[in-house]
Amino acid sequence: MLLLFIVIPLAMAALMPLVSRLWKGLPDILGVATMAAMLALSLSQIRLISAGHRILWDAAAIGLPLKAGLMLDGFSLLLLITISLISLFACIYSINYMEHYGAKGSYYALFLLMVAGMNGLVLTVDLFNMYVFLEVAAVASYALVAFGQKHDEVEAAFKYLMLSVVATTGILLAMSFIYLMTGTMNFKELASMVGTGMNVKLIGLCLALFLMGFGLKAAMVPFHAWLPDAHPSAPAPISAMLSGVLIKVSGIYALTRVVYDIFGLPASVSQAMIWLGVASMVIGAVIALGQNDFKRMLAYSSISQIGYIVVGLGLGTPLGIMGALFHLFNHATFKSLLFLDAGATEYATGTRDLSKLGGVGHKLPITSLTTTIGTFSIAGIPPFNGFWSKLLIIVALVEANHVGVAAIAIGTSILTLWYFLLMQRKAFFGKLAVGLEKVKEVPFYMALATFCLATLCLLVGLFYPWVTAKLIQPGMTALSNAIGANGFSMFGQ
Amino acid sequence: MNPNILLIPILVPIIAGVLTFILPKSVKWGKEILALIATAITMYYAAVIFKAGGEGLRLFVPWTSFGINFDLWAYHFPKFILLAAAGFEILLALYTASFMDGKERSKEYFAYFLLTAGLANGAILSNNFVLMLFFWESLLATLYGMISIGNKEAFKTATKALVISGIADFAMILGIIFAWHLSGTLTMSEIHLEPMGLGAAAFVLMGLGAMAKAGAMPFHTWIPDAAIDAPLPFMAYLPAALEKLLGIYMLGRISLEMFTIHMNSSMSIFLMAIGAITIVLAVMMALVQKDYKKLLSFHAISQVGYMILGIGTGVPAGIVGGLFHMLNHAMYKCTLFLTGGAVEKQAGTTELKKLGGLFKLMPITGVAFWVAAFAISGVPPFNGFFSKELVFHGAVETGKMIFPIAAWIGAIFTFASFLKLGHATYFGQQSSEMPNKAPKDPGLAMTIPMLVIALGCILFGVYSKLPLKYLIQPVLEGRAILEGHAGHMEFWVFHLNWIVWVSMACLVIAWLIHQYGVKKGQGQAYLASEPIHNLPVMHTLYDWAEARAFDIYEWFVNGLLKGAAWTVFKVVDRGIDAVYERLIVFVGGVATGVLKEYHNGLYANYLAWVVGGFALLVIYLAVLVK
């Protein structure tokens, strides 16, 4: 069953270049249908997982001579649902948006390859497969960033590739050290072995390598520099996927799995994550304030918001984990919404330079409304979803006696509101800028995707107790158990 | 009684607000009818809730763990505020229906209006900090929306209001976090702390948040801007009525229930000082304004000072006075803004220079204006007189004479500026510059709210025993603050002592200042003073003033006073404004600029950061390990 999450997108990716020759509209239909099926499939698992079960699959069980397995628990399911949800809306949006790029067959093939990689990453139970799936998703994303094939896009993709190589080298190095010491790559086996008479310094080095490698994938400061180039250069639905989902899966999810499930979140890592989170939060927000490029501002804002998630996960308290996971889900919804809106604005006006925009709010009613909802969500204004998750993180920080960090988190959310209001004013309000008199609202499918995501932001905010109970709580339990069941602490408490 | 009815005053306006948003434009009068029905239902249930006896109604639904619960409690304090708020909501719905008729975006205005009503009612009834903050912060969104509907500059003002309120709310959240840390609970009624150490910080921060909502200095600068930019009913609705009720109510809960403020403790002095400074500085700025709405907006700030001063005294008379003044202020300032709206709609302008002689043309508006003007100035027997006297009594009782003196100075210039405003608008010659040559009283939908509230100003004055005994006094009953004051609980018994005479003297001084100013300003239409000028007694008084105080007046009003007023306006007021508008923007710009410089797109640079960050992590995780 779990294998379907990887096999279906992989098979569809292989089919895409072929079917695109049969009929031009077919890739669109198949792409959306695949993602809708993935979403339905992942949603259908909620009942079982929220009841506290885990689903396991082993390659040996079907007679494959492989030492590989898959596992679905609350944490993986949350990511799985996030991936399918955002991919579905990105696909719907692509129907109109990717029209002028052409080569839709290859586009959907790469898109589905990336989804397959991410799905595999969140389901796998050993380090090496994690690395393989990480690279599958990453390679697809390099190609997608460069999809437009203009000078800037290729340069950004190359820079992204070159920095990612550093990350993956670090990750691979750490993995080989661990294999050298233990002789296994399986999470569960590693968890029982780590800490029993091993070289503490070497484990420390491995942790530093993991933090650097996954931290770069997640774009934490100071490993963030590739993101503001890469994310804005990609086509809008891909930006939404990269900022909304990919950095969380290949950065946050992978890091959390490793430091929680294998190492049981040592106190020093917890501390390091909190500091990395605070640095990302503040520096990302301050730079976002000065951006004139709509998508670049959103990219810096992603760095800042990732900071909140890392801080919450670094805390390791049940409330902190809950806030972080909820914020992870929420950030996926509103950041992909905002990237799609930025794409819509560019599609309609031909520019994403905020100083050249102005007053298009009346011309683009749906885009303007949904951007406003995205703004309110990301700035944490109730009753939108961002408010609740930020509140949980801040309450968790106070509860863990990190009052200073809590104050910084609140201050950053004011900064966030500030730069988003600046963006709103420059782009949508005020006098209509010269040359934008003939601007028309974007085509149906693009508007539909943004509208659905905006509605989702509001609904999740309004019914947050239900969402947290069904989606977030199981993830939190899985992670808390990982720390609790593995009480090992290398450096004392 | 079923406690679920507590949800009605919150949900009915919010649902109506959402319906208004999606109402098709073609439905004529739909939004007005919806607003009136929703506010009427709210009013009815506010009255039902008010009549519930005993400990009041409490709706408690456990929400999440961590002490965050859905907890509404209507005991004596909130249910009195709820009733008052509901009263303003229905009257303003009626007024707005007429004022906004035919204006662009009026549908949106009604939607925000109703949402604000529901959210404010929610904030009043909440008994859990997280729930309260939910409503309190949501009000920022509707505040932004309502201001932005005004003229072309309104977006700037709305942003300014949002930033300032956001900073104040940040202080409040920080204070709540401290209070939570100290008391271990988020249930508001279970918090009882001493204002010392971290407790003092909690009190000051929460107090600042509450006072900022009420519009006290230094969080006031957006209000005068909004007076010009926002639609007028907004001014009557939020800065004049609801925000005062909410802010002072929250200040009352903080300083009466969660903390106990003793007379002349440092916290008491802190509150009284903010009160006194707000009174004096704001009234001085009000004096130099030459626009109907702007002058009123500065008074909306100044009068908050009396409420804070009264509550800050820590003595029963002052606290009762402060709360009574909150109610009275909401009434007369609402009326004043409503008359301002009537003048704007009928005469086409609110600049005093272009107005004049409107009393004959708009007698109903004129009467409502003068009733409210006398009430705000503390002229007996209008309601403002009684509440101000109680505040004076409380301030005198503390023994720190600087505070009652500041309050009296405020009283002098309040009256003087209202004489100027009323005179320039309603008496004298009709200015030839008035855009609309033949203004008349507006329709019933606008005059009824004005008259009802103006009548209330008279009733609450003449029968001040009613509100004091049934609305205000229950708030204080059973509190520690009353110890040693048991004999003085009959606040409605009027004492004719020297404090009253000083207040009366203030009114006379104000009158003299006005007379003299009018005389000096002869020739300018908006300072014409013939009707009052020719009264014989006044003439004598005027001659006396001219003979004895000529130079002092010149020196005082034109030199020092005008100088001081302008200095305050330019340096303090604009200075504070500059902190919000310039300094923060500048600091943000510099920080961004520095960071942007380092993000220069060079791969080597970025790689160096990665290596540096990695080195730090290795040092922390591997080298420093024991």
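Predicted model: local features only at pLDDT ≥ 70, side-chain atom pairs only at ≥ 80, totals over all residues.
## Confidence

As a whole, the model scores ipTM 0.83 and pTM 0.58. For chain B, the mean pLDDT is 80, with 88% of its residues at 70 or more.

Two stretches of chain B call for some care. Residues 525-538 of chain B have pLDDT below 50, and the model gives this stretch 25 contacts beyond near neighbours in sequence. Residues 540-558 of chain B also stay under 50, with 12 contacts beyond four places in sequence.

Chain A is built from 19 helices and two strands. Of its 493 residues, 62% count as buried. Take the contacts in chain A with a separation of 6 or more, and 81% of them are between residues 24 or more positions apart.

Chain B has 22 helices and two strands. It runs to 626 residues, of which 55% count as buried. Among its contacts between residues at least 6 apart in sequence, 82% link residues at least 24 apart.

## Where A meets B

The contact between the chains draws on 46 residues from chain A and 39 residues from chain B. On the chain A side, the elements giving two or more residues are helix 7 (151-182), helix 9 (200-218), helix 10 (227-233), helix 12 (267-289), helix 16 (385-399) and helix 17 (403-427) of chain A. Helix 9 of chain A gives the most, with nine residues. By class, this side of the contact has 38 nonpolar, four polar and four charged residues.

## Loops beside the contact helices

As background, most peptide bonds are trans, and most residues other than glycine have a negative phi. The bond joining A:Val221 and A:Pro222 is cis, with omega about 5°, and A:Pro222 is in the loop between helix 9 and helix 10 of chain A. Another cis bond runs from A:Pro382 to A:Pro383, with omega near 5°. A:Pro383 lies in the loop between helix 15 (365-379) and helix 16 of chain A.

A:Leu265 has a positive phi, near 50°, and is not a glycine. This residue is in the loop between helix 11 (236-262) and helix 12 of chain A. A:Leu265 counts as buried because 24 other C-beta atoms lie within 10 Å, and the cut-off is 20 or more.

Chain B has a positive phi of its own at B:Asn264, about 60°, again in a residue that is not a glycine. B:Asn264 sits in the loop between helix 9 (232-258) and helix 10 (266-287) of chain B. With 15 C-beta neighbours inside 10 Å, B:Asn264 counts as partly exposed.

Helix 13 (residues 294-315) of chain A has 22 residues, so at 1.5 Å a residue it should span 32 Å; its end C-alpha atoms are 32 Å apart, which agrees. How much of helix 13 of chain A is buried? The count is 22 of the 22 residues, so this helix is largely enclosed by the rest of the structure. Just after helix 13 of chain A comes A:Gly316, with a positive phi of about 75°.

Helix 18 (residues 444-462) of chain A has 19 residues and reaches 27 Å from its first C-alpha to its last, close to the expected 27 Å. Its buried residues include A:Met446, A:Ala449, A:Leu453, A:Cys457 and A:Val460.

## A helix pair in chain B

Helix 3 (residues 76-99) and helix 12 (residues 316-347) of chain B pack at an angle of about 0°, with their axes 12 Å apart. Helix 3 and helix 12 of chain B are therefore roughly parallel to each other.

Which residues meet between helix 3 and helix 12 of chain B? Helix 3 of chain B brings B:Ala84, B:Phe88, B:Tyr95 and B:Phe99, while helix 12 of chain B brings B:Leu327, B:Ala330, B:Cys334, B:Leu338, B:Gly341 and B:Lys345. These divide into eight nonpolar, one polar and one charged.

Notes: Residues numbered from 1 in each chain as written. Chains lettered and ligands numbered in written order. pLDDT = per-residue confidence, 0-100. Contact = placed C-beta atoms within 7 Å. Helix = DSSP H or I, 4+ residues; strand = E, 2+ residues; numbered from the N terminus. Nonpolar A, V, L, I, M, F, W, Y, C, P; charged D, E, K, R; others polar. Buried ≥ 20, exposed ≤ 12 C-beta atoms within 10 Å, placed from the backbone. Axes fitted to C-alpha atoms, helices over the stretch in contact; angles between N-to-C directions. Parallel < 35°, antiparallel > 145°, perpendicular 65-115°, else oblique. Expected span 1.5 Å × (residues − 1).
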